[in-house]
Structures are given as structure tokens and as C-alpha cells.
Amino acid sequence: MPENDPIKRLLAAIAFANDQAAYKELFMLLHGRLKQFAYSILKSQEEAEELVSDLFIRVWEKRDQLTSIESPLFYFYTTAKNLAFNRLKQQKRQQNPSPEEWLVQLNSIYFDPEQLMMTEEMMRQIRQAINNLPPRCRIIFKLVKEDGLKYKEVAELLQLSVKTIEAQMAIALRRLGKCMHLEIKELNISTPATKKS
Amino acid sequence: MSQEQFWVLFSKKLSGEASAEEQAFLESMIQSHPEWQYAIQNLTDLWKSQPAEDTSAGEDALMLHLHRMNELNISLDGNYQETLTSAGSVKKFKRWYWAAAVLLVMAGLFSIRSLSGSSNPGDEVAGQLNEISTRPGSKSKVQLPDGSVVWLNAGSKLTYNKDFGIETREVMLTGEGFFDVTKNKGKPFIINTSSIKIKVLGTAFNVKAYPEDKQTETSLIRGSIEVTIRNRPNDKIILTPSEKLVVENDIAHLEKDSKKQEIRTGNIARTELPVINTLMSINKLKYNPVDSTVAEIQWVNNKLVFRDESFSELAVKMERWYNVEIDITDLRIGEERLNGIFESETIVQALEALKEFIPFQYEKNGSKIIIHR
């Protein structure tokens with residue numbers, strides 16, 4: 001999962017030293033995820049590939065301005081979303097599709113079975129549970145778990161409330177927990193102050 | 001606290017969104033429920049488990065990207081030259097995209113370990129043939145003199161003349177191969193199998209022509225190809241992308257009038273089919289809707305994929321894949337339909353996985369496997 005700090009370091013090297021190696025490293029680090037993200041909106045591998053290329057051209061051209069960004073990851077995903085929506089507009093395709101309409105591929109089904117103490121049957125059920133997450137839940141789960149965005153950022157990117165992100169993440173985890181026979185009954189424990197509402 | 005709140009808290013903790021107070025609360029709660037431990041541990045491990053990334057795809061994309069920047073006159077040396085005009089470059093990019101797709105295949109999704117192909121450059125004067133073959137259980141990649149790339153699946157053989165590419169591009173295939181053929185309008189690429197002949201200009205497709213199989217399958221990924229069946233050289237069948245031609249092998253060898261005319265079509269109807277004296281059908285390729293991969297060519301990625309196939313059909317594939325002999329003694333078991341993918345599984349793991357779906361027993365004696373009820 002990518003993190004902002006190493007990305008910030010790379011952006012700084014690109015901006016201040018025209019560091020080509022850092023530029024290439026950044027491309028390698030983010031290419032796969034950004035392409036998948038773009039694909040979910042554009043539904044074309046070829047166009048997604050081109051969009052990522054466009055995005056990285058922009059990174060190079062605007063490198064001086066990118067060093068002050070608080071969350072570069074968030075910047076990359078918002079820019080990718082905007083570029084994708086612009087493309088749809090240019091092609092007179094569906095305008096600004098809502099997250100439910102995106103075609104989201106989840107890499108989480110390719111977990112390493114060696115690392116998990118589970119039966120084959122359980123793993124099969126988990127893959128199935130991940131594959132069957134409802135559309136809105138899928139994109140949220142992907143952006144949080146696989147792409148490393150914060151709840152607040154996902155909320156802004158998808159124009160949803162943070163409460164919705166919390167609720168959807170809870171749905172995803174509850175479904176996975178169910179595969180492991182973890183079903184939480186109503187509990188008689190008082191909630192911490194922060195959770196009271 | 002409701003169960004929903006538990007899951008909200010727990011997912012916040014995994015995502016690094018929980019406050020210190022929330023974390024402590026969750027911790028104490030989990031500790032007072034030892035029966036949750038196992039699941040909580042597994043969910044945490046699952047959350048941390050990251051799928052291995054395919055860096056070769058990124059490397060190829062990077063190369064294309066840098067090339068594209070170069071074409072747009074954007075220099076990486078720090079001099080601003082021109083801003084991006086995205087629309088103008090689409091055509092060029094498309095071409096490069098396909099080049100990348102080919103490169104990706106070449107870039108070695110396969111380790112050298114699986115390459116057991118032997119090239120015999122000198123069969124002396126008479127034949128002047130080059131032969132590349134793979135043993136059961138191994139695969140191989142071959143680059144032909146014209147730049148075309150062929151992946152040979154297990155237990156297959158590809159032969160071609162020493163003068164390949166000089167006047168014609170013609171090869172003979174036994175077994176299964178995925179072809180990515182370079183474009184050359186002047187010299188069509190021709191593949192001969194025992195039952196069909198395929199003529200192409202530049203395209204990617206899979207041919208499955210094992211002598212022990214009942215059928216020869218040709219699956220087209222892109223471009224177009226022309227197929228003729230051995231006993232009817234005048235009828236040409238044109239395949240368009242995502243179509244698969246299936247020809248019954250024994251029928252293809254019969255004399256032309258000895259069999260009643262019959263055409264089966266798959267789930268797409270084709271009315272413009274030429275009438276051919278053989279059992280054949282054109283079907284749609286088996287796409288996996290989840291990741292839009294094509295089942296027919298997954299073996300190239302080291303995956304044995306089966307979609308709605310009978311256990312006995314799968315057993316034949318497994319024999320080649322694992323270099324084993326599988327004998328299904330119970331007819332009904334052999335007819336069970338299956339879907340799935342084997343990737344890194346050993347033969348025993350694969351059999352154990354199948355047992356979850358079909359009630360059978362097996363005995364394994366070296367490379368011989370007997371399956372019974």
C-alpha cells in the first residue's frame with residue numbers, strides 16, 4: 001500500500017533536482033493502481049493506460065507546484081478522476097457516472113494463502129465475499145484498503161459523507177468476518193465517549 | 001454497543017482511522033472475547049496481505065510513457081518545451097499500446113525454469129527443419145526469425161523450414177500454441193495442424209491441436225484469421241475477435257461425402273457460415289467477467305483455467321499440465337461440470353480442491369492417478 005511520505009520525497013527530488021530516476025520510480029509505484037482506478041471509470045484498458053500517461057506528463061510539467069501538496073495520493077486520485085470525467089465528456093459518453101456505476105476490480109482476492117491460517121473452504125468464501133461486495137462498497141473498500149486513502153479523502157473523492165465511508169467499510173469487514181464465523185451479537189458494553197451519538 | 005458499531009470501530013482500526021481511545025476500547029473488548037481471536041487475527045492478516053505486484057506491466061508502461069513524452073517533445077532534462085495536446089496522440093498511442101501488450105508477454109511472465117524447448121537447428125539437408133518441442137508439464141516461449149512470438153504449451157511441437165520468412169512464413173503445430181504474429185502483408189503467416197490450416201496477416205490467437213484430443217480449437221484474440229479445414233480447402237472460415245472455432249478432428253479427416261452435413265453453432269448464431277462437411281462450431285471465447293481475462297489463453301500466464309468443463313475434459317488438461325496420467329473409472333464423476341483456476345497448486349492440492357466439489361476418492365501411485373467413487 002503506497003504511503004504519502006515516500007511519494008513526497010520522490011516529488012521533491014523531481015522538482016528540485018529534475019531527478020529522472022525518482023520520476024520513474026514514482027511512475028512504477030503508482031502506475032498499476034492509477035490505471036485500475038481510471039479503468040473503473042473509463043472501462044477501457046487502453047484509455048486507462050493513456051490517462052495515466054497524461055497524468056504523469058502533468059506531474060512532470062507541474063513538478064514545481066507539487067511539492068507543497070499535503071496528500072499527494074489524494075491529488076493523484078482526484079486528478080485521475082477529473083481526467084477520466086473529462087474524457088467521458090469529450091467522447092459524449094455517460095456524464096460523471098456515480099461510484100455505483102464504476103467497474104471496480106479488487107486485487108484483494110489475490111491474497112497470499114501461505115500467510116493465512118485458514119482452510120481452503122474459508123479462503124474460497126472470502127474470495128467470494130470480496131467479489132460479491134455491492135458496487136458502492138467495492139470502490140470504498142478498494143480506495144481504503146488497496147490504495148491507502150483516508151476516509152476523509154475517499155468521502156471527498158466520491159462526494160459522500162465520512163459516515164457513509166465508515167458504514168460501508170463496516171459492511172465489508174462484517175461480511176469477511178462472517179466467512180470466519182465471527183458474528184458479533186448485540187453487546188452489553190458501554191461505548192467510548194467518541195462513539196456516542 | 002451494537003454489532004454495527006463494532007464493525008465500524010474494527011474497520012477504522014485496520015484502516016488507521018481509529019483514535020487512541022477507540023483503539024483501546026476495541027482492544028479491551030476483543031480481549032474479553034477469546035472466541036473472536038482467531039477471526040480477528042485472520043482479518044488483520046488478510047488486511048495486511050498484499051498481492052504480489054506485476055512489475056513487468058509497469059516497466060512496459062513506463063517505457064511507452066517515456067516514448068510518448070519524447071514524441072510530444074517533452075524533455076525530461078528539465079527544459080519545458082510543449083504542453084500536452086492529448087487528443088492528437090491517440091492514434092500513435094494505440095499502436096504502442098499493442099506493442100506493449102506483446103512486450104508484456106515477452107517480458108517473461110515465465111521463468112526460464114519452465115523453458116525446456118530444444119532447438120535442433122540441423123536436421124541436415126533433406127528436411128532443413130527447425131523443431132521446438134515441450135515435454136508434458138513444461139512450457140516454452142519461442143521467437144521466430146520474423147519476430148513473431150509463440151508460446152508452446154506442455155507436450156507440444158512446432159516445426160518450420162530453415163528458409164522460414166524468406167518467401168513464406170509457414171509452421172506446423174502439434175499441441176497448443178499462443179501466437180502473436182508480426183504484421184507482414186506480403187508474407188502471410190500459415191499454421192498447419194493435422195486437421196486445419198490457418199492463414200493470418202498479423203494478429204494474436206491460440207491454437208489447440210493435440211493429436212489425442214477429439215477437437216481442434218482456434219481462439220482469436222484480435223485481428224482476423226482465415227481457417228480452412230483439411231478436407232475442404234475451398235471453403236474459408238473467417239474468424240473475428242473473441243470467436244473460437246472448434247473442429248471435430250476425426251471428422252476433418254473423412255472423405256468429403258462420407259458424412260452427413262451438420263453444423264453446430266455455439267451461443268452465437270452465424271448464418272453466413274460456409275457449408276462444410278464436418279462437425280464444427282463457432283463459439284464466443286470464455287471471458288471472465290470479473291477481470292476480463294480469456295480462459296482459452298490463461299495457460300500463457302501459468303494458469304490452468306477451466307470454465308464449464310466436464311471433469312474428464314479437465315483431467316486431460318491436468319495430465320498435460322502436471323505430467324501425470326489420470327484415469328476416471330466412474331462415468332458419472334467424469335461428467336460433473338466444473339469452473340476454476342489452478343495456479344500454484346500441486347497435483348495433490350488440485351485433486352483435494354476438486355474433492356470439495358465432487359465426491360470422489362483417488363489413489364496416486366507415482367504419476368498415475370486413479371479416480372473412483
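Helices here are DSSP runs of H or I with at least four residues, strands are runs of E with at least two, and both are numbered from the N terminus. I note that this is a predicted model, where local features need pLDDT of at least 70, side-chain atom pairs count only at pLDDT 80 or more, and totals for chains, interfaces and linings use all residues, while side-chain values use heavy atoms, without hydrogens or water. Residues are numbered from 1 along each chain as its sequence is written, and chains are lettered from A and ligands numbered from 1 in the order in which they are written.

**Entry: backbone angles**

I checked phi for N96(A) and read a value near 35°, which is positive in a residue other than glycine. Most residues other than glycine have a negative phi. I then turned to N73(B). It is not a glycine, yet its phi is positive at about 60°. N73(B) sits in the loop between α4 (55-71) and α5 (90-106) of chain B.

**Entry: α7 and α8 of chain A**

How far apart are the axes of α7(A) and α8(A)? I found 8 Å between the axes of α7 (residues 151-158) and α8 (residues 162-179), with an angle of about 110°. Axes are lines fitted to C-alpha atoms, for helices over the stretch in contact, and angles run from 0 to 180 degrees between N-to-C directions. The two helices are therefore roughly perpendicular. Under 35 degrees counts as roughly parallel, over 145 as roughly antiparallel, 65 to 115 as roughly perpendicular, and the rest as oblique.

I listed the contact (heavy atoms within 4.5 Å). Y151(A), K152(A), V154(A) and A155(A) of α7(A) meet V162(A), I165(A), E166(A) and M169(A) of α8(A). By class, I got 6 nonpolar, no polar and 2 charged residues. Nonpolar covers Ala, Val, Leu, Ile, Met, Phe, Trp, Tyr, Cys and Pro; charged covers Asp, Glu, Lys and Arg; the others, Gly among them, are polar.

**Entry: α5 and α8 of chain A**

I followed α8(A) to another partner. The axes of α5(A) and α8(A) come within 9 Å and cross at roughly 160°. That makes the pair roughly antiparallel. From α5(A), the contact uses M122(A), Q125(A), I126(A), A129(A) and I130(A); from α8(A), it uses R175(A), L176(A) and C179(A). I sorted these into 6 nonpolar, 1 polar and 1 charged.

**Entry: α4 and α7 of chain A**

Next I went back to α7(A). Its axis lies 11 Å from that of α4(A), at an angle of about 15°. These two helices are therefore roughly parallel. F74(A), Y77(A), T78(A) and K81(A) of α4(A) touch E153(A), E156(A) and L157(A) of α7(A). I noted 3 nonpolar, 1 polar and 3 charged residues there.

**Entry: the second largest pocket**

I finished with the second largest pocket, which holds about 950 Å³ of space. On a 1 Å grid over the protein atoms alone, a pocket is an open set of points where a 1.4 Å probe fits, with protein on both sides within 12 Å along at least five of seven lines; lining residues have an atom within 4 Å of a point. Its lining has 35 residues, and K208(B), Q215(B), E217(B), E309(B) and E313(B) are the closest to the centre. Which helix gives the largest share of the lining? I found α8(B), with 7 residues. By class, the lining has 8 nonpolar, 8 polar and 19 charged residues.

Notes: Points joined across faces, edges and corners; volume = space filled by probe spheres on them.
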